[in-house]
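Subject: The structure I promised you

Hi,

Here is the structure we talked about. Have a look at it first, then read on for what turned up.

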Amino acid sequence: MELRQLRYFLVVAEELNFSSAADRLNMTQPPLSVQIRQLEEELDVVLFERTTRRVKLTAAGRAFQESTQELLDQLRSNVEDARRAAKGEWGRLALGFVPSATTENLPPILRNFRAHFSDVRLDLHELTPEQQVRDLRDGSLDCGCFYLPFADGYPFGDRNLMSAAISREPLVAVLPPGHRLAARRKIQVSDLADEPFVLVGGHSGQGLREIILEQCRRGGFVPRVVQEAALVQTIAGLVASGVGVALIPASVRRIQKTGVTYRALQDEPLDVEMGLIWARENDSPVLAGFIDVAKETNALLSPPDGTAVQVCAEKDA
């Protein structure tokens, strides 16, 4: 059975006249009659009652007309879906992110992506960087979003990951209630040398952790870590509880914690980059569209005076 035979059948079923159906199909009547006969033989049913005066659908023909029309409609829909999927206009994108990405960096990208690709299903997952890298490796995530490693390193040492920065911001100090340095407008990193530190957890290659440790090294000390936490928001909460001090990205200041004081660093603070991360072998058109939207969004968000912290330069992670 061929698709063209099904299309021929539907036209004859609509016209109930072989001559008229042949005209619609731009063919002569004899070949059309042969195709319908072959279809009936293959199905082992009579689809049409034929007399010299008229052509009429049998009960089997009426049932076959309905199911065949549904089949061809579904096929057309499938073809259109496939074409749209090839252009990234239809499908699914699984995106992992750390909570701090939702403070200011990710929301405008998601809004613009939904506006341009409304038929793509977004599956959003709040995950630690370690969980995101695991899921990127096994293919359950298309894209991750977390702080990139220091000095153009590879996220978690994985050369099979690509990345693109979506924001850049400095580190700031977080002080607990009543801290001796809270009265200053800016502080030196070295002022924190003897303080108990709350540090983001993870291992070598975890971007934010490495950048904070490097900032301390440039201040002439190794932090005395008394507590680690997976999430930046948790770190701010622990500082508010008096556990210690911390260095965190400046955007986290938007999260209000009672009693916590944020202070800029007087010496040159290192920049922290939030980035999109994906597997090198992932050739999904939907993913490519999402990365393009991220680039366009950050270009729109950049102020004209050159003070923008938004960037989106794709690189081998």
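N26 sits in the loop between α2 and α3. Since this is a predicted model, everything below is computed from predicted coordinates. The phi angle of N26 is near 55 degrees, which is a positive value in a residue other than glycine. N26 is also exposed, because its relative accessible area of 72% is over the 50% cut-off.

There is another residue like this in the loop between α1 (3-15) and α2 (18-24), namely L16. L16 isn't a glycine either, yet its phi is positive, about 50 degrees. With a relative accessible area of 37%, L16 counts as partly exposed.

Now for the whole chain. You'll find nine helices and 13 strands in it. The chain has 317 residues, and 47% of them are buried. Take the contacts between residues at least 6 apart in sequence: 73% of those join residues at least 24 apart. The chain exposes about 15800 Å², with carbon and sulfur atoms supplying 48% of that area.

Next, the salt bridges. Side chains of opposite charge can pair when their charged atoms come close. How many salt bridges does the structure hold? The count is 16. Here are some to look up:

- E40 and R50: their closest N and O atoms are 3.0 Å apart. E40 belongs to helix α3 (residues 29-43) and R50 to strand β1 (residues 48-50), so this pair links distant parts of the chain, ten residues apart. E40 is buried at 6% relative accessibility, while R50 is partly exposed at 29%.
- R168 and E273: these side chains meet at 2.8 Å, N to O. This pair links distant parts of the chain too, with R168 in strand β6 (residues 161-175) and E273 in strand β12 (residues 271-279), 105 residues apart. R168 is partly exposed, at 30% relative accessible area, whereas E273 is buried, at 17%.
- R218 and E214: here the N to O distance is 3.0 Å. Both are in helix α7 (residues 207-218), and because they are four residues apart, about one helical turn separates them. R218 is exposed, with a relative accessible area of 53%, but E214 counts as buried at 16%.

There is also a network of salt bridges to trace, which links E14, E15 and R24.

One is T68, in helix α4 (residues 59-86). Is T68 buried or exposed? T68 has a relative accessibility of 3%, so it counts as buried. Leave aside the neighbours within four places in sequence, and T68 is in contact with L6, F9 and L10.

The other is V172, which you'll find in strand β6. V172 counts as buried as well, because its relative accessibility is 3%. Again leaving aside neighbours within four places in sequence, V172 has contacts with A246, L247, I248, P249, A250, R253, Y262, R263 and A264.

Last, the empty space inside. Rolling a probe the size of a water molecule over the atoms shows where empty space is left. A search of the whole structure for cavities of 30 Å³ or more finds one. About 90 Å³ of space lies in this largest cavity. Which residues are closest to its centre? Of the 13 residues in the lining, those are V98, P129, Y147, A230 and V232. The elements that give two or more residues to the lining are β5 (144-147) and α8 (232-240). What classes of residue make up the lining of the largest cavity? Ten are nonpolar, three are polar and none are charged.

That's it from me. Happy browsing!

Technical notes. Residues numbered from 1 in each chain as written. Predicted model: local features only at pLDDT ≥ 70, side-chain atom pairs only at ≥ 80, totals over all residues. Heavy atoms only, no water. Salt bridge = Lys/Arg side-chain N within 4 Å of Asp/Glu carboxyl O. Buried < 20%, exposed > 50% of the residue type's maximum accessible area, 1.4 Å probe, protein only. Contact = heavy atoms within 4.5 Å. Areas by Shrake-Rupley, 256 points an atom, 1.4 Å probe, with all protein chains shown as cover. 1 Å grid on protein atoms, 1.4 Å probe; cavity = no way out; pocket = protein on both sides within 12 Å on 5 of 7 lines; lining within 4 Å. Points joined across faces, edges and corners; volume = space filled by probe spheres on them. Nonpolar A, V, L, I, M, F, W, Y, C, P; charged D, E, K, R; others polar.
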